[in-house]
Amino acid sequence: MIVRNLDAVTTVDWGNGLSRRFLLEADGLGYSVTDTTVRAGTKSLLEYRRHLEACYCIEGSGEVVALDGTTHRITPGTLYALDQHDAHYLVADPDSDLRLVCVFSPALRGDERHSLDAATCSAY
């Protein structure tokens with residue numbers, strides 16, 4: 001059995017927020033679970049080429065925007081899944097942080113970080 005508290009997990013500053021990584025590849029479950037904060041007012045161009053990701057919003061609000069411009073509103077109780085390695089913009093509203101519980105398959109190693117300065121999607 002694995003039991004972890006938020007205070008004891010690996011925390012990664014990914015550029016526009018924090019990713020608190022509860023389960024990682026070394027845990028042997030085949031998937032990762034993170035508690036991710038997206039800083040208020042930020043917009044991130046992201047793509048997961050090696051992972052599928054599902055995100056469940058527990059606080060704040062924002063949008064996930066496909067590259068074709070299709071926009072989906074994200075509020076507490078909303079789940080979105082990037083089931084096609086979808087490149088997307090993740091946008092947090094300006095008034096508060098967006099907080100997501102995310103599941104990655106296959107699991108993250110734990111040291112992955114985004115490169116948000118690039119002209120293309122930040123990918124890992």
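Strands here are DSSP runs of E with at least two residues, numbered from the N terminus. The model is predicted, so local features need pLDDT of at least 70 and side-chain atom pairs count only at pLDDT 80 or more, while totals for chains, interfaces and linings use all residues. Residues are numbered from 1 along each chain as its sequence is written, and side-chain values use heavy atoms, with hydrogens and water left out.

**Pairing around E9**

- Two strands count as paired if DSSP finds at least two bridges between them.
- E9 runs antiparallel to strand E4 (residues 43-47), joined by four bridges, and Ser44 has Leu90 of E9 as its bridge partner.
- Five bridges join E9 to E6, again antiparallel, and Leu90 is also the bridge partner of Val64.
- E6 pairs with E7 in the antiparallel sense over four bridges, where Val64 stands opposite His72 of E7.
- The hairpin of E6 and E7 has four residues between the strands, and Gly69 takes a positive phi near 95 degrees there.

**Open sheet**

- Six strands form an open sheet in the order E1-E2-E3-E10-E5-E8, with antiparallel pairing.
- Strand E1 (10-13) and E8 are the edge strands, each with a single partner, so one side of each has no neighbour in the sheet.
- From one strand to the next, the twist averages 25 degrees (axes are lines fitted to C-alpha atoms, and angles run from 0 to 180 degrees between N-to-C directions).
- Within this order, E5 (residues 52-59) and E10 (residues 98-105) run antiparallel and are joined by seven bridges; Glu53 has Phe104 of E10 as its bridge partner.

**Nonpolar core**

- A nonpolar core is a set of buried Ala, Val, Leu, Ile, Met, Phe, Trp, Tyr and Cys residues joined through side-chain atoms within 4.5 Å.
- The largest such core has 18 residues, of which Val38, Ile74, Tyr80, Leu90, Leu98 and Leu100 touch the most other members.

**Pocket and cavity**

- On a 1 Å grid over the protein atoms alone, a cavity is a set of points where a 1.4 Å probe fits but cannot get out, and a pocket is an open set with protein on both sides within 12 Å along at least five of seven lines; lining residues have an atom within 4 Å of a point.
- Grid points are joined across faces, edges and corners, and a volume is the space filled by probe spheres set on the points.
- The largest pocket has a volume of about 160 Å³, and of its 15 lining residues Val64, Ala66, His72, Ala81 and Leu82 are the closest to its centre.
- Strands E6 (62-66), E7 (71-74) and E8 (79-82) give two or more residues to the pocket lining, with E8 giving the most, four residues.
- One cavity of 30 Å³ or more is found in a search of the whole structure, and the largest cavity holds about 120 Å³ of space.
- Of the 18 residues lining the largest cavity, Trp14, Thr36, Tyr48, Glu53 and His114 lie nearest its centre.
- Strand E2 (17-23), strand E3 (32-38), E5, E9 and E10 each supply at least two residues of the cavity lining.

Key: Buried means under 20% relative accessible area, exposed over 50%, partly exposed in between (1.4 Å probe, protein chains only).
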